[in-house]
Amino acid sequence: MSGFILQHADESHLNYAQQICDEMESSAKIRGTGIAKRTVNYIQQKMLEGKAIIAFSKNKEWAGFCYIETWQSGEYVANSGLIVAPQFRKEGLAKLIKEKIFELSKKKYPDSKIFGLTTGLAVMKINSELGYEPVTYSELTNDQEFWNGCKSCVNYSILTDKQFKNCLCTAMLYKAKDPQNNTVTVQKNNKEENSKLLRVLNRLTNLKQSVFLKLKFIQYESR
């Protein structure tokens, strides 16, 4: 047993929205990474729509959260806002939440392309195990509302400088499998998992090199 209780969020969880928003913002500041800002009303809306997963400890403490966003009339789906309370991190809860929200996404939007943007290596690994693959930004939604959500990110200037074709986040995409091929599942054999993980790690290395070069350029320009 994991020691956590994962539920589909609903109206009974609305009072946790402020705590969730506060932890999202605090976590982003600590990591020094960007995050699209969420409001309490927005988080509550996702709960009421049945598009969120919320987790609690065995002592009924709020422990984690994640929600679904849709773009281009449901053609693209993103699992967004993944957050785990500090006291429950490194216990495997993030993976449990991601698996639960992923299954909910596939159930609600079986024909959609599920994607994500992240700078976190742990999230990249989880996505890879679920069947996501690193892709270029051109394979993501072109819905401007999605990209507008990046405006509150500290790295937004990098995104605009790159004309929305690249940034510090790694883009990952899961495409719905052919329903006639029911032998295909998200479970991968070790060889496939290792191959995908290596590609993710390679992409992360390239991103780090890109950040280093940008920082050096900024330092040079500021002299």
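**Entry 1: a pair in helix H3**

I began with Lys-106, which counts as partly exposed because its relative accessibility is 25%; the scale calls a residue buried under 20% relative accessible area, exposed over 50%, and partly exposed in between, with a 1.4 Å probe and protein chains only. I note that this is a predicted model, in which local features need pLDDT of at least 70 and side-chain atom pairs count only at pLDDT 80 or more, while totals for chains, interfaces and linings use all residues. Residues are numbered from 1 along each chain as its sequence is written, and side-chain values use heavy atoms, with hydrogens and water left out.

Lys-106 forms a salt bridge with Glu-103, and the closest N and O atoms are 3.6 Å apart; the term asks for a side-chain nitrogen of Lys or Arg within 4 Å of a carboxyl oxygen of Asp or Glu. The two residues are three apart in helix H3, so about one helical turn separates them. An α-helix has 3.6 residues a turn, so residues three or four places apart point the same way. I found Glu-103 partly exposed as well, with a relative accessible area of 41%.

**Entry 2: the other salt bridges I looked up**

A search of the whole structure gives four salt bridges. One of them joins Glu-23 to Arg-89, with the closest N and O atoms 3.2 Å apart, and this pair links distant parts of the chain, since Glu-23 is in helix H1 and Arg-89 in the loop between E4 and H3, 66 residues apart. Glu-23 is buried, with a relative accessible area of 15%, whereas Arg-89 is partly exposed at 33%. I also looked up Lys-51 and Glu-49, which form a salt bridge with the closest N and O atoms 3.7 Å apart; Lys-51 is buried at a relative accessible area of 15%, and Glu-49 is partly exposed at 33%.

**Entry 3: the chain as a whole**

I list seven helices and seven strands for the protein chain, where helices (H or I, at least four residues) and strands (E, at least two) are DSSP runs numbered from the N terminus. Of the 223 residues in the chain, 39% are buried.

**Entry 4: the nonpolar cores**

In soluble globular proteins, nonpolar side chains tend to be buried together. I therefore looked for nonpolar cores, meaning sets of buried Ala, Val, Leu, Ile, Met, Phe, Trp, Tyr and Cys residues joined through side-chain atoms within 4.5 Å. The largest has 38 residues, and those with the most contacts inside it are Ile-20, Ile-43, Ile-54, Trp-62, Phe-65 and Leu-93. Among the elements that each supply at least two of its residues are helix H1 (17–31), helix H3 (93–108) and strand E7 (170–175), while the largest share, six residues, comes from E3. Leaving aside neighbours within four places in sequence, Leu-93 is in contact (heavy atoms within 4.5 Å) with residues including Phe-4, Ala-55 and Val-84. A second, separate core has 17 residues, among them Tyr-76 and Leu-168.

**Entry 5: a buried lysine**

Which residue is the nearest side chain of opposite charge to Lys-98? It is Glu-99, 11 Å away, and Lys-98 is buried yet has no salt bridge; for charge, Lys and Arg count as positive and Asp and Glu as negative, while His and the chain ends are not counted. Lys-98 is in helix H3, and its side chain makes a polar contact of 2.9 Å with the side chain of Asn-127. A polar contact is a pair of N or O atoms within 3.5 Å; within protein, one must be able to donate a hydrogen and the other to accept it, and residues adjacent in sequence count only if both atoms are side-chain atoms. Asn-127 is one of the buried residues in H4.

**Entry 6: rings**

I find 14 aromatic pairs in the whole structure; rings of Phe, Tyr and Trp (its six-membered ring) pair if their centres lie within 6.5 Å, and planes under 30 degrees apart count as stacked, over 60 as edge-to-face and the rest as tilted. Phe-65 and Tyr-67 form a tilted pair, 6.3 Å centre to centre with 45° between the planes, and both are buried. The rings of Trp-71 and Phe-146 have centres 5.4 Å apart and planes at 75°, so this pair is edge-to-face. Trp-71 lies in strand E3 and Phe-146 in helix H5 (residues 144–148), so the pair ties together parts that are 75 residues apart in sequence.
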